Amino acid sequence: DAIKATTKVPLPWRQVVGGSYHTVAIKDNGTLWAWGDNYNGQLGLGDNNNRNLPAQVGSDTNWQSIAAGYDYTMAIKTDGSLWAWGYNYTGQLGVNDTNNRYSPTPVVTTDTWKAVACGYNFVLALKSDNTLWSWGGNSFGQLGLNDTSARYSPVKVNADINWLAVSAGNSHSLMLKNDGTLWSCGLGANGRLGLNNTNNYWVPTKVGTDTNWQLIEAGDNFSMALKNNNSLWTWGYNWYYQLGLGDTLDRLVPTQVGVDLNWKSIAGGYYHGLATKTDGSLWAWGPNGNGELGLGDMNSRAIPTRVGTDSTWDVVSAGFYHSLALRTNKSIWVWGSNGNYQLGLGNDGNNRLSPVWLGQ
């Protein structure tokens with residue numbers, strides 16, 4: 001297999017995420033790294049110069065988790081503090097103004113956060129007390145605050161204290177509660193909220209009656225989720241096969257993809273989907289004009305298609321048109337669009353049609 005990671009021993013990474021045209025990652029030693037487009041300071045390096053290789057952000061060694069949106073980045077440290085930098089035109093950084101930040105800036109210094117998700121221009125986050133908070137753009141009610149007004153700092157969504165996970169798309173939000181129920185709000189076009197219509201919803205609204213959801217992922221204009229039995233479900237916009245259902249028909253409610261019960265990690269990009277299975281295999285579907293499916297060509301796939309034959313894939317992430325994955329040996333692999341150096345492969349802006357080891 002041409003994409004086996006056997007020739008060198010890479011340094012260990014903990015997490016990697018794709019923003020629109022930039023990438024951010026955390027090493028096992030708690031250091032933060034970024035590369036790719038930096039026009040709005042989304043790399044956090046104190047300037048707006050692009051980076052074609054991973055560059056360390058500051059010298060702190062206590063970064064815990066990261067999220068990336070359209071030209072901005074959010075991160076949580078091990079002390080529970082939340083930090084933001086990059087584009088801020090609708091207040092998505094949560095720092096009570098609309099000025100860009102070029103270095104990590106604390107959002108609220110006294111609070112303890114445990115999860116954060118970046119949409120196109122808005123943010124969802126959970127505190128350690130399992131409360132749900134949101135801020136940024138809100139044109140379609142995606143903040144869940146029962147209006148369409150933007151917020152420049154974190155606002156508590158409701159009184160519930162049993163939120164488990166959040167994910168944010170272009171203009172829609174997905175949430176999980178610890179009872180296994182799935183909730184959504186925001187733009188309802190093409191059925192991306194899963195509520196059996198195309199209406200916008202301004203408050204979190206329960207999706208169906210199932211209580212066995214375990215993992216959620218909001219793509220740009222479609223949604224993905226896993227149930228407790230490791231089945232894969234998708235819904236929303238489907239003109240480019242991004243639902244992986246073999247056709248281009250939108251789905252207004254969660255629809256199972258195939259019959260497999262061994263899905264593990266999922267990621268939704270602008271229009272493409274990625275996933276790993278519990279056997280360590282990597283799968284991709286949707287449009288492929290930039291090689292974002294990693295299948296060695298630029299042909300679209302209407303259903304999940306296996307990438308290579310390796311069985312050492314762990315977790316996936318997707319930017320607009322580039323894809324990222326961690327292997328079980330904690331190495332990062334990249335493929336797809338590279339016009340802004342978002343693959344981090346050096347002074348080479350060429351796209352990659354198959355997974356390539358980051359080499360860092």
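This is a predicted model: local features need pLDDT of at least 70, side-chain atom pairs count only at pLDDT 80 or more; totals for chains, interfaces and linings use all residues.
C185 is buried, with a relative accessibility of 0%.

**Cysteines**

- A disulfide is a covalent bond between the sulfur atoms of two cysteines.
- The cut-off used here asks for two cysteine sulfur atoms within 2.5 Å, and by this rule the model has 0 disulfides.
- The cysteine sulfur closest to that of C118 belongs to C185, and it lies 16 Å away, so the two are too far from each other for a bond.
- C118 counts as buried because its relative accessible area is 10%, and the limit for buried is under 20%.

- Strands of a sheet pair through backbone hydrogen bonds, either parallel or antiparallel.
- The antiparallel pairing of β21 with β22 (residues 273-277) runs over 5 bridges.
- W263 has K277 of β22 as its bridge partner.

**A buried loop residue**

- Q42 sits in the loop that lies between β3 (32-36) and β4 (51-56).
- Q42 is classed as buried because its relative accessibility is 0%.
- Apart from neighbours within four places in sequence, the contacts of Q42 are H22, D37, D71, Y72, T73, W85 and G86.

**Nonpolar cores**

- In soluble globular proteins, nonpolar side chains tend to be buried together.
- The largest nonpolar core of this model contains 16 residues.
- Y72, M74, L82, W113, V116, V123 and W135 are the residues with the most contacts inside that core.
- Two or more residues of this core come from each of β6 (72-77), β7 (82-86), β9 (113-118), β10 (122-127) and β11 (132-136).
- There is also a second, separate core, made of 15 residues, among them V24, L45, W63 and I66.
- Y72 links two of these topics: it is in contact with Q42, and it is listed among the residues with the most contacts inside the largest core.

Methods. Residues are numbered from 1 along each chain as its sequence is written. Side-chain values use heavy atoms; hydrogens and water are left out. Buried means under 20% relative accessible area, exposed over 50%, partly exposed in between (1.4 Å probe, protein chains only). Two strands pair if DSSP finds at least two bridges between them. Helices (H or I, at least four residues) and strands (E, at least two) are DSSP runs, numbered from the N terminus. Contact means heavy atoms within 4.5 Å. A nonpolar core is a set of buried Ala, Val, Leu, Ile, Met, Phe, Trp, Tyr and Cys residues joined through side-chain atoms within 4.5 Å.
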